[in-house]
Amino acid sequence: MFLITVLGCFNSVFASTITSDGGEIGSANFNNTAENSAIVGCTLYHPEVGWTRYDDQNGAMNYFGSGWIHESVNNRYYDETISTYKESGGSGVLFRFKGTKLRVISNLSDSHVKVMIDGRTCDCINNNGVNGELVFESDTFQNEEHKVSIWSDEGFSIDAIDIKDGNINTPATTNSVNLNKTTDALMTGQTDTLTASVLPDDAKNKTVTWSSSDSSIASVDNSGKITAVKAGQATIMATTVDGKKASCTVTVTDTPAGQVKLTIYMPSDIKREYYLTQDQLNDFLNWYNDKASGKTNTPTYKFNVSGEDQYIVFDKIITFNVDH
Ligand SMILES: [Ca+2]
């Protein structure tokens, strides 16, 4: 008599309990073994004892980048859902968990996927492309909060994650917002664009709302672009969805003393503004008149603005005016 024992990636019927945050608590081990026995490459439809499974569409999963598709597909994936992106461009997912180990369940065979836990990049996911496959298992960590990022330049899917001895944490709220400038000096008509940095990186919603204390002096649009309207001072404010604020004081001045403002109009609504001394203006006017009358053939005039040479082409000048 021969007893043939077949070892492999068989799964069992698992009883389960659903936690308040949507995780399924494992109550049996893979192949009904005494200890956890699932290994990377096995099909693991349910979490093992000590582990809790969270679906890819759990609200604590923070997907970033473009191209993600979140689908419901009957009978193929955990909770009948899968999140996939097939583009290139480094999209991924961020989440935080408290626990000692992490597993990732996926179905896509892709060796370009990277897992970063607490700032340290782990081995790439590399699998067989089977539904419900355990494609990654981390090392063992201290039982504390861990920050995870999973991403790929090539395409990736995620079906679920399993967490050992813990649970997924709620999405991070914004801790702070900072602007690239706290003061700005502009002359009437000038523009500048502020950049807001929201922390932490995995905050669920990093959107900021822009506002001005006085739009008649300096206005701001929804991308942080300031336009200096008239002389005075205004405060530009960036506010996160969680109410964190950062500000920049903008001082707007008219044409500086002793200078004139030359505005040159060109095709396609292009406008150039230069602040010049009277001598500099006269030099420009001399060139323009000489070119118009044929005294000179020099086709361009050079302005120097903050160390940068800017050339104006005579034939492109529709008109210009001078504000004293
Ligand atoms: Ca799923």
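## Contacts and overall form

Among contacts between residues at least 6 apart in sequence, 62% join residues at least 24 apart. This is a predicted model. The chain holds 1 helix and 29 strands. Its radius of gyration is 31 Å, well over the 20 Å that the globule rule gives for 324 residues, so the chain is more spread out than a compact globule.

The C-alpha trace spans about 115 × 40 × 35 Å along its principal axes. Of the 324 residues in the chain, 27% are buried.

## Domains

The domain assignment of the chain gives domain 1 (16-168), domain 2 (176-253) and domain 3 (260-323). How far apart do the C-alpha centres of domain 1 and domain 2 lie? They are 39 Å apart.

## Nonpolar cores

The largest nonpolar core has 34 residues. Those with the most contacts inside this core are F95, V104, I105, V148, I150, I161 and I163. Several strands each supply at least two residues of the core, including β3 (51-55), β6 (81-85), β8 (101-106), β12 (144-151) and β14 (160-164). Which strand gives the most to this core? It is β7, with 4 residues.

Take I163 as an example. Leaving aside neighbours within four places in sequence, I163 is in contact with W51, T52, Y54, F97, G99, L102 and I168. A second, separate core has 11 residues. Among them are I217, A218, A228 and A234.

## A three-stranded sheet

Now look at an open sheet of 3 strands. Its order is β26-β25-β29, and the pairing is antiparallel. The edge strands are β26 (270-276) and β29 (319-323), and each of them pairs on one side only. Neighbouring strands of this sheet are turned by 15° against each other on average, direction ignored.

What holds such strands side by side? Strands of a sheet pair through backbone hydrogen bonds, either parallel or antiparallel. Here, β25 (residues 260-266) and β29 pair in the antiparallel sense over 5 bridges. Which residue of β29 is the bridge partner of K261? That partner is D323.

## The helix

Helix α1 covers residues 278-293. Where does α1 lie? The helix lies across β25, β26 and β29. Relative to β25, α1 runs at about 30°.

Technical notes
Residues are numbered from 1 along each chain as its sequence is written. This is a predicted model: local features need pLDDT of at least 70, side-chain atom pairs count only at pLDDT 80 or more; totals for chains, interfaces and linings use all residues. Two strands pair if DSSP finds at least two bridges between them. Axes are lines fitted to C-alpha atoms, for helices over the stretch in contact, and angles run from 0 to 180 degrees between N-to-C directions. Two residues are in contact if their C-beta atoms, placed from the backbone, lie within 7 Å. The radius of gyration is taken over C-alpha atoms; the globule rule is 2.2 Å times the number of residues to the power 0.38. A residue is buried if 20 or more other C-beta atoms lie within 10 Å of its own, exposed if 12 or fewer, and partly exposed in between; C-beta atoms are placed from the backbone. Domain bounds come from an automatic or database domain assignment. A nonpolar core is a set of buried Ala, Val, Leu, Ile, Met, Phe, Trp, Tyr and Cys residues joined through C-beta atoms within 7 Å.
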